[in-house]
Amino acid sequence: MLRIGVIGCGKISQVRHLPEYADREDCKITALYDLNMERARELAEQYGAEAFESCEALLASDNVDAVSVCSSNTTHAEITIAALKAGKHVLCEKPMATTLEDCEAMVAAAKESGKRLMIGQNQRLAGAHVKAKELIDEGAIGKVISFRTAFRHAGPERWSVDPGLSTWFFDKSRAAMGSLADLGVHKADLIQYLTGQTIVEVLASAVVLDKKFADGSPITVEDNAMCVLTLSDGAVGTMDVSWTNYGPEDNSTVVYGTDGILRIYDDAEHTLILHKRSGEVFNYDVDQIQTNDNQTKSGIIDLFVEWIKDENVAGISGESVLPAMRAVFGVLEAAEKKCAVKVNVQEA
């Protein structure tokens, strides 16, 4: 039986981590911590766990084998490294951390501890993405030439466990980044997962276009980012992320190759469409992408647990997510400098 602690009891814990751990017969939720102790106690009672007064006390418990880190962005590295040093396996929510140095320190701590470090990049597990990667690897669209990938919704103030304009997602001191941390890390990771290539150069604009605090002042992180990404094999494409899409959520990707096109979550009727250069069209109705309003089982918790149990399972390791984080930090630098930036692609 794997004994689970959850650090941070906000919305992502409540709709994904806690119920998905509880759904497994080989896991028991034993420990919870949140800055809001009342919330932690209520959830502890619901799941038959203990609510701890501090993160440190939870990590010192002998009744915890693995933890989910679901706290605010700027605390991910500190908590994750402490948990690994305490001998716990760690599933950390995205973004992995808020500086590249912290991301690399997390990977180093995992190697030193011999424990698993997994990052919640759940888009790799979405059915149409898995099938699209299979088709690209098989050469179904030939060599990848270009792409466009987007993630746009109405903003985290609707999603947060404490909804409204005072959400921590808007506060740079707690979030560090805005739509890039929330959405961009998914798409930067996804395009590299799909193509098997690495983002090596970025050109970007990261701006506040609409979101405001309750007093009417602009939020302190970007609500939109528009990016041009160059991949290691020469493909060039766009990545757009937004918190100001006040219509249907957009979580689409289109990949253009020398022999065809793949449209992923880009069509109302079919989740994946392969358009061949010959004119043939193949529709794959794999699944429906998750939205904030339609949370389905992510697969992340199941994969994390199976990876802990079996070293032959391929988890989404912290090391494998470093290229996406390097790309995101490159986007922020490019937006600030208003010029193209080469992404550091060296190995950790």
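**Close-up views of a predicted model**

**View 1. Leucine 59 and its contacts.** Leaving out residues up to four places away in sequence, leucine 59 touches Ile7, Val67, Ile79, Ala82, Ala83, Ala86 and Lys88 (contact means heavy atoms within 4.5 Å). Leucine 59 belongs to helix H3, residues 55-59; helices (H or I, at least four residues) and strands (E, at least two) are DSSP runs, numbered from the N terminus. With a relative accessible area of 8%, leucine 59 is buried (buried means under 20% relative accessible area, exposed over 50%, partly exposed in between, using a 1.4 Å probe and protein chains only). Tyrosine 265 is 206 residues away from leucine 59 in sequence and 40 Å away in space, C-alpha to C-alpha.

A quick note on the model: it is predicted, so local features need pLDDT of at least 70 and side-chain atom pairs count only at pLDDT 80 or more, while totals for chains, interfaces and linings use all residues. Residues are numbered from 1 along each chain as its sequence is written, and side-chain values use heavy atoms, with hydrogens and water left out.

**View 2. The six-stranded open sheet.** Here the strands run in the order E3-E2-E1-E4-E5-E6, with parallel pairing (two strands pair if DSSP finds at least two bridges between them). Strands E3 (50-51) and E6 (117-119) sit at the edges with a single partner strand each, so one side of each has no neighbour in the sheet. Zooming in, E4 (residues 66-69) and E5 (residues 89-92) are joined in the parallel sense by four bridges. Valine 69 faces cysteine 92 in E5.

View 3. E8 and E15 run antiparallel and are joined by two bridges, and valine 341 in E15 is the bridge partner of valine 202.

**View 4. Strand E11 and its partners.** Four of the five residues of E11 are buried, so the strand is largely enclosed by the rest of the structure. E7 and E11 pair in the antiparallel sense over five bridges, with serine 146 opposite tyrosine 256 in E11. E11 and E12 also run antiparallel, joined by five bridges, and tyrosine 256 has isoleucine 261 in E12 as its bridge partner. Two residues lie between E11 and E12, which form a hairpin.

**View 5. The second largest pocket.** About 280 Å³ of space lies in this pocket. Of its 14 lining residues, Lys172, Ala176, Ala206, Glu222 and Leu332 are the closest to its centre. On a 1 Å grid over the protein atoms alone, where a 1.4 Å probe fits, a pocket is an open set of points with protein on both sides within 12 Å along at least five of seven lines, and lining residues have an atom within 4 Å of a point. H10 gives the largest share of the lining, four residues.

Terms used:
Grid points are joined across faces, edges and corners, and a volume is the space filled by probe spheres set on the points.
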